[in-house]
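Take a walk through this protein with the model open beside you. Keep the sequence at hand and find each residue as it comes up.

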Amino acid sequence: MQPRVTAILVARNGADYLERTLSCLQSQTRRPEALVLVDAGSSDATPTMLAEAQPTQLVTTSGKVGFGASVGQAIHVAVPSSTEDDWIWLLSHDSAPHPQALASLLGAVEIAPSVAIAGPKLMRWDTPDTIARYGETMTRLGSSVILVENELDQAQYDAQSDLLAVSAAGMLVRQSVWAALGGFDLGLPSVDAALDFSIRARLAGHRVVGVPAARVASAGGPEMFGRKSVSIATSQRLGRRAQLHRRMVYARGLAVLVNWLALVPIGVLRAVLQLIRKQPSAMGGEITAAFGAAFSGSVGPARRNLRRTRKLGWASIAPLRVSAAEARERRANRAVTVDDDTEYSARSRASFISGGGLGITVFAAIIGVLTFSPLLGAASAAGGALLPLSQTVGQLWANVGYGWHDVGGGFVGASDPFAAVLAVLGSLTFWAPSLSIVILYLIALPVAAMGAWWCATRLSERAWPPAIAAVLWCLAPPFLSSMTSGHLGAVIVHVLLPWFVLAVLLAARSWSAGAAAALLFAVIAACSPSVVPALAVLLLAWIIVRPTAVVRLVGIVIPAAALFAPLVIAQIIRGDPLAVFADPGAATPSSAASVGGLLLGSPDATLGGWSSIGNLFDLAALPGPVVLALLLAPLFVLALAATFLPGTRRSVPAIVIALLGFATAVAATHLSFAISGVSAVSVWPGAGLSLLWAGLVGAIVVALDTFGRGAVIPALVVAITATLAAAPLAAAPLAGHSKVVAGSGVLAPAFVAAESLTRPRIGTLALTPEGDGGLGATVERGAGATLDDQSTLASTSLAAGSAAASNSTASLAANLASRSGFDTSTALTLQKVGFILLGPADSAGAQAVRQRAADALNGNRALTPVGDTALGLLWRFGALPSTGLASPTPDPGPLRTLILVGLGIVFFVTLLFAIPTRGRRRRTAVRGDQVEHANLGEDDDA
């Protein structure tokens, strides 16, 4: 007897696919005896198209109904099954069968009476030579596995027919078996419905086969039914929900209770694991799937239905299941689909070793060690804006977040974010925290060069441009100026800036890179808040260019925002919100640079040592600034030329970065938030100039890449002239012209340190002779000032009390350094100053000031000379009472704990995201229009 076939086609909003599907149905060489079309709640032209097809029956469901439920309604109106040879053929609006599909399916079941379900090979809708999916199975724990997915069809699976399950699209099922099994489980409206139905058929004693000769074009999996698109998070949630439902249905005995109790805890744990895997969008799906399975009313009916129809044990299907290891291997070998937008990732890049990266890094390391060789063997580095760190790691971390700051008169308040950077840095050499700064100075050049080289490889395929970029970056004038002047924050910004750019470029495709960029942005912002506006503008532009990565890119600013929140709130409450852009650390005045000097990369008036280069060689007529401009001219010409050469998509953004950096530097010189004594301290423009230099170097890389083989000569010219321009700065530490010098790690003279053990709040008036005839004065508490205890809340304070304190300190210093009738004893007592330290002089003019001050201090009967120490001349004020000097540090209260816990959570989560979780990569067969390439971290967690 010839089999009777009823084709059931279910459609919902499938007008874009129906014309082809219906046409393919009409083209079947073996046509079905009946055609039932189901409109499952469409809102487009689907109902009209279904009616025009003139089916045997047209069914319209009430509301949006799932695929399985729609098939059930269609069977109710179809001709009842009268023999075992009655079959139903299941199709959806996006399932277009090949003309031989039904004939091939019937041919397979006619020769095997035990077969109750046959499934075709599903091919991609737009590429019919690629297998979309063929065959399904599951692991021992119930995870569904697609046996073949997204592979070029080369008949390699045509011998594989006995399967555990087949897909719903194109499934041919015996109508009596459908009725006996109760159809698809209504608790599985989309994903795994066919898998579950096939498993129940197997357990009922029937066979399930795949028919490779039968092909059906499919535009998507079951989760796509009735949807234009499905996000990765939704797909994962539907799959997890289906897996948990089947696990509850298949569980036996007490395992049901155990599984039910474990659903929600395991869901929470898996959500945390999704966070570690860089898939935050799947976290909510894990929890909702767990709650949905735990409190679903469909598990009970499904269990009763399975118990009613099952005739065989689970061991009967064991050979058709896969182990967890095999499932992981299949996923690892799954074809990698690469989209077309791979301008950065698709580039071949120079090797770090053979392409010159290692050689340039070694060269920079040698230059760095030679330049700062005076620091070799030193326990600390100090001078200029650089101070030693606290002597223990505990003291470093005590200054993070919120707490007591023993600067000025002392106060409880928010800490600078820079304190967290210093705490991490000092913890690397926990036995001697200040040693970490010395090491940083010695390795800063090679680390900067390495970062510039890697970043430049994203812009150029050739070996020359990245090498030149590394040289230009590690010898950049603003970098060396910041190092010799002790502006540690600007030094760290320059070192990290290329790594940050590299991470941001990759963040559009990688959660790990996005988290790394977030950490780097937080460090850069903490070290130099003045560059935050420029970086924020660049991030916004990148978001506009890559809108699909908006979540990852916006997340870059979250750690920095959390780190700055306490300080921003404190400054807003105080009425000076712009003060958050003040440089952290010691407020140290510097000579202001002109606009021309800034353009030449010099953050101060010394022009990188070129302003006095003539005096150095006894050539007063030598115009140092003109020589510097001539040396840097090739660099600027080549950078500007890049905008007129091919590759403007890379060069123009680089020039924009340079302009933003220059604007930041110019603005910094006109902004004075901090106060040192009675002098205003402008923002150090070094970090902004580093951004300027980054843009120029990027444009040069693009230009050299365009020149091809002709890049050698201009590359050498730029490298040589830029090296000569940096020569005075590189030689400054060796010539003794650097403000940063080696230190012993001692923060205060031994006499002061011993006194501070019993009177921790005793003050030391530190006097610094200056070459212009002035005398700098600060009051340091306890064992001495440290870099991590500095606070911009103190240095930028506009309160009348702070101004009065600064004026009184200056007045006290002036009267102590000159003979007058001023009552210094009263002033010293009011400011709780027990020692006066007169520092060394660094010039002839400063020496004269020092000598006058020493004579005046020696003539003051209230002071007792202690002697010459390693830090300068010391006097003691013995009449200072002990009242209030031994008071304990005030308790900052619970606010410190709340802030630290909040910061800990934010940075812990960010670190979890930043840990790479890349699995093994496999070469797989993909369709011809796909590109296979390896890239640096761009698709490990996208």
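In which strand is Ala-742 found? Ala-742 sits in strand S16, which covers residues 741-743. The model is a predicted one, so read every value as computed from that prediction.

Stay with Ala-742 for a moment. Its relative accessible area is 40%. Buried would need a value under 20%, and exposed one over 50%. Ala-742 is therefore partly exposed. Now look at what surrounds this residue. Setting aside neighbours within four places in sequence, Ala-742 is in contact with Pro-374, Leu-375, Ala-378 and Ser-380. Along the sequence, Ala-742 and Val-438 are 304 residues apart. In space, their C-alpha atoms are 8.4 Å apart.

Look for Leu-519 in helix H19, residues 511-527. Which residues does Leu-519 contact, leaving aside its neighbours within four places in sequence? They are Phe-907, Thr-910, Leu-911 and Ala-914. Next, find Ile-556. Leu-519 and Ile-556 are 37 residues apart in sequence, and their C-alpha atoms are 7.7 Å apart in space.

Now turn to Arg-202. Helix H6, residues 193-203, holds Arg-202. Is Arg-202 buried or exposed? Arg-202 has a relative accessibility of 10%. The cut-off for buried is under 20%, so Arg-202 counts as buried.

Most residues other than glycine have a negative phi. Asn-13 is not a glycine, yet its phi is positive, at about 50°. Find Asn-13 in the loop between strand S1 (4-11) and helix H1 (15-26). Its relative accessible area is 18%, so Asn-13 is buried. Asp-192 also has a positive phi, near 70°. Where is Asp-192 found? Its place is the loop between helix H5 (175-181) and H6. Asp-192 counts as buried because its relative accessibility is 7%.

Now for the aromatic rings. How many aromatic pairs does the structure hold? The count is 16. Take Trp-260 and Phe-295. Their ring centres are 6.2 Å apart and their planes meet at 80°, so this pair is edge-to-face. Trp-260 belongs to helix H8 (residues 255-276), while Phe-295 is in the loop between helix H9 (283-294) and helix H10 (299-309). The pair therefore ties together parts that are 35 residues apart in sequence. Trp-260 is partly exposed, at 36% relative accessibility. Phe-295 is exposed, with a relative accessible area of 58%.

Compare Phe-751 and Phe-835. Their ring centres lie 5.7 Å apart, with the planes at 75°, so this pair is edge-to-face. It links distant parts of the chain: Phe-751 is in helix H29 (residues 750-758) and Phe-835 in strand S19 (residues 833-838), 84 residues apart. Is Phe-835 buried or exposed? Phe-835 is buried, with a relative accessible area of 0%. Phe-751, at 40% relative accessibility, counts as partly exposed. Rings can also gather in groups. Phe-67, Trp-178, Phe-184 and Phe-197 form one aromatic cluster.

The largest cavity contains about 270 Å³ of space. It is lined by 25 residues, and those closest to its centre are His-487, Asp-583, Pro-584, Ala-586 and Trp-684. Which elements give two or more residues to this lining? They are helix H18 (488-507), strand S14 (672-676) and strand S15 (679-682). H18 gives the largest share, with 3 residues. What classes of residue make up the lining of the largest cavity? The lining has 16 nonpolar, 8 polar and 1 charged residues.

Note on methods
Residues numbered from 1 in each chain as written. Predicted model: local features only at pLDDT ≥ 70, side-chain atom pairs only at ≥ 80, totals over all residues. Heavy atoms only, no water. Helix = DSSP H or I, 4+ residues; strand = E, 2+ residues; numbered from the N terminus. Buried < 20%, exposed > 50% of the residue type's maximum accessible area, 1.4 Å probe, protein only. Contact = heavy atoms within 4.5 Å. 1 Å grid on protein atoms, 1.4 Å probe; cavity = no way out; pocket = protein on both sides within 12 Å on 5 of 7 lines; lining within 4 Å. Points joined across faces, edges and corners; volume = space filled by probe spheres on them. Nonpolar A, V, L, I, M, F, W, Y, C, P; charged D, E, K, R; others polar. Phe/Tyr/Trp six-rings, centres within 6.5 Å; stacked < 30°, edge-to-face > 60°.
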